[in-house]
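Open the model in your viewer and keep the selection tool at hand. The stops below say what to select and what is there.

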Amino acid sequence: MGETEQRPTAGSRLGAQENAGISTLEHGQKPPMTPPGKLISIKIQMLDDTQETFDVPQRAPGKVLHDAVCNHLNLVEGDYFGLEFPDHKKMMVWLDLLKPVMKQIRRPKHVVVKFVVKFFPPDHAQLQEELTRYLFALQVKQDLAQGRLTCNDTSTALLISHIVQSEIGDFDETIDREHLAKNKYIPQQEALEDKIMEFHRSHMGQTPAESDFQLLEIARRLEMYGIRLHPAKDREGTKINLAVANTGILVFQGHTKINAFNWAKVRKLSFKRKRFLIKLRPDVNSSFQDTLEFLMASRDFCKSFWKICVEHHAFFRLFEEPKPKPKPVLFSRGSSFRFSGRTQKQVLDYVKEGGHKKVQFERKHSKIHSIRSLTAQPSEQHTEVPKQSSSFAYGDDNDAAAVQSCRQGKELKASTEDTGQHKSPSLKKSPKESKKVDGAVVSTVEEEEETAKDRMQQNRPQSQQPSTGSLTGSPHLSELSINSQGGPSVANMSLSPNLSPDAKQSSPLISPLLNDPSCIRTDDEEEVKRKRFPTEKAYFIAKEVATTERTYLKDLEVITSWFQSAVSKEDCMPETLKNLIFSNFEPLHKFHTGFLKEIEQRLALWEGRSNAHIKGDYQRIGDVMLKNIQSMKQLTIHLWKHNEILIELENGIKNSRKLETFCRDFELQKVCYLPLNTFLLRPLHRLMHYKQIMERLCKHYPPSHIDFRDSRAALAEISEMVAQLHGNMIKMENFQKLHELKKDLIGIDNLVIPGREFIRLGSLSKLSGKGLQQRMFFLFNDILLYTSRGLTASNQFKVHGHLPLYGMTIEESEEEWGVPHCLTLRGQHQSIVVAASTHAEMDKWTEDIQMAIDLAEKSSGPAPELLASSPPDNKSPDETTVDQESEDDLSASRTSLERQSPHRGNTTVHVCWHRNTSVSMIDFSIAVENQLSGNLLRKFKNSNGWQKLWVVFTNFCMFFYKSHQDNHPLASLPLLGYSLTIPSESENIHKDYVFKLHFKSHVYYFRAESEYTFERWMEVIRSATSSASRTRALSHKEPHTY
């Protein structure tokens, strides 16, 4: 299709055979038939600044021209590139591949169409061909010259040094100076010439292909790599710039990125005249509301940017090209625009299976010939990516995020997503990148799972990278959180000539725990390790004592070490309160430190790992437990003080604004992964765990076993201690829960009063004149509150109304209102209609509300006035003004420049809100007993390898660590609403002791080390995933309610 003149064409200049490749067709297909008609000539400017002319029919779609250019260059991976031209309003737009060329380019004789990179993948290793990487390198060179790719002087000099190396070869001072004098890569280049030559000197022996690879390796870390800014304003009129990338939509102020909206968080993109609208998915952790609005210069600018966003989303996120919409019969509404062409996954699959010939081509300015690197045999998965020079050695590059497989079946690492950038490989990973939510926890595992899952579709055909580098991909994120806050940058960064000086932090969306090579375990390694240790049940019971004791000791250190250290730096706590807390916790910490050491020594002997010469039967644990439980009795005086500690601390917080602020700030530290007052109850909870463990051990041993007598004696001792402290523990847990709920509510003064008991909290839909509206309900033994999620920085729930339970009646009213799972609550002064999400949820609420009504009837009378300032809600369900003001608040969009404040976004209340479920006080009590710690192997649905993680299960949530020695978790997975099952045969797991957790599209597999640990994890997780009704909970084993 190129013009057949005698002068050399782009293809002949590069040494390519004419029509040797097909750009956007599947393997074996032929190019589309060219429509007949008059030909028009289109001038195309290539990335090497040469111009070619192509003749295409007037009625030919843009795809014909695009394919002609790709065929002319023999470019197989042409889908990453696009044709850009100025329209009749002088606005640069992309050529639509579906529309006729003539309808888009009105005056082709006066227009030069540019062939440029359109889609920038997060990692250049996904580009299979050397020619493609060469064209990307030319694009980087062009962006540097035009000022689009901004970076500091060191990065600029390093980039130019690789360009010079690819163009003139090894360093020669005279030639370098002449070349730099003739070629201006950036404005004011003279100031950087010495630095450019200094870097160029270090590239000796580097081939042009290696120089391209290094150039892209550095460029992809830069914040402005592949970014085209589109001017806009936010709702407050602040001037900003919008951009779109493989990860999602980015917001810049100048050239500084201030926000990012990941594709996984975007529910819908639309435009209305000059307004560009982003509708976000509901998010537990986000302070943004569901719709963001930006104002652009004109409707054409707005529509153009919307089209680019649609194309980027389709190319990087979809498996295949979206199907065209059916044409409307009468009227059309909205744009019919859709992405046309192959998605990135289809490109990767096509190139992998194509088996193309290796074609030699010539580079501009370079005398060195390179061989195009495409594998000829589909069975080989290595692409001939140039080996990196020895100076480009990776350090602990732990900031990768997506998981890929290579020939050996091991998992390799992939690039982070939020910015599409990496830290400099010479930097050690810092856990500061993780997300901070409610006193700690960081990124949720749902984010990580979708990060790996969504990009696996593109990375599966990906080949192994050079021996010195890590294989990288383009992940995306999920349902629970997006966070614009990054951790502090790593200080004292040292530069190696081949490392990017503009190293960026990895995305706070991605937990670093995915990225350490030590986390990856092959099945053979685990099998060998498993066979070395004992297999009897008693050993694993003893091991559970050790693993849970490690977590308990870490929890004590939150008070004795972290909290005490923070208190000592701030003059905010009375000395009497300090002495009361730390004088009672320090003896406990000292004792349990010795206890843990003794247990670990016994396990080492049991496993035969130490002191093998010592004779004796050490394959037991009852004697160690008996000795320490008897010693523990002497600490009972400290345990009795915990009630006083909790009350005095809450009183101190109530009376001192300074202490309240201090405690709130401490809860936002990563180490405080649970509410602060929960750690104060840990010693009492631990007694329950000892009792349960000894019950299991005694049940396992026959009476004749050598360890049975000691185990039974230890059980008797610990049971006595639990019985003495049992009543005190019930009161403290209720007191702690009331104060915890108080932090989640606004518009209420006296929630914590003597005699009030918490019963259940959860999400219900309240019927009003506007229909069903989601509300959060809190049930106590005297009153029922209903709230909505407010717009405060801490994401608290605003109280809208309350119903005293005294004199209330409850009745099912599905038929009356025509709403499934519907209840009518009739109080003495008002009535409300609510609907549960399922019949099971309705039964739980009905049972607990009826029980609470009975308790209220037996009490002295109506509850005291509860609300502080909110007016009472006395409207009936059919009055249209009910909750209108809150709905307006909830639908309001936030300004793009608003930074996310620390908030309580991962508490049980917020999880119930987003999972549309509920929990009761009995569920909380059962959760206290069902706590567990230990190593598990984790696998995502679409990954091949298993990761070894240290997992702590508590408070309806799994917390993930790289090892038990870590001070804070790196990720969390709230399990309320999840289903717990065993993998089916069709899932091809084929491993023992594997359980499956899934919620909607989120699927995780976990693998335990033995039958006992598998059963224990199933038991404790089932307590969180299937919340029992009150009747079943009360009949749960022994005294499980307290």
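Select strand E34, residues 1002–1007, which is mostly covered: six of its six residues are buried. Buried means under 20% relative accessible area, while exposed means over 50% and partly exposed lies in between (1.4 Å probe, protein chains only). Helices (H or I, at least four residues) and strands (E, at least two) are DSSP runs, numbered from the N terminus. This is a predicted model, in which local features need pLDDT of at least 70 and side-chain atom pairs count only at pLDDT 80 or more, while totals for chains, interfaces and linings use all residues. Residues are numbered from 1 along each chain as its sequence is written, and side-chain values use heavy atoms, with hydrogens and water left out.

Now colour the two faces of E34. In a regular strand the side chains alternate between the two faces of the sheet. His1002, Tyr1004 and Phe1006 lie on one side of E34, Val1003, Tyr1005 and Arg1007 on the other, and all of them are buried.

Two strands pair if DSSP finds at least two bridges between them. Pick Lys996 to find the bridge partner of Tyr1005. E33 and E34 form a hairpin with two residues between them, and Lys1000 in the turn has a positive phi of about 55°.

Last, go to Thr636 in helix H16, residues 636–640. Is Thr636 buried or exposed? Thr636 is buried, because its relative accessible area is 12%. Leaving aside neighbours within four places in sequence, Thr636 is in contact (heavy atoms within 4.5 Å) with Met721 and Gln724.
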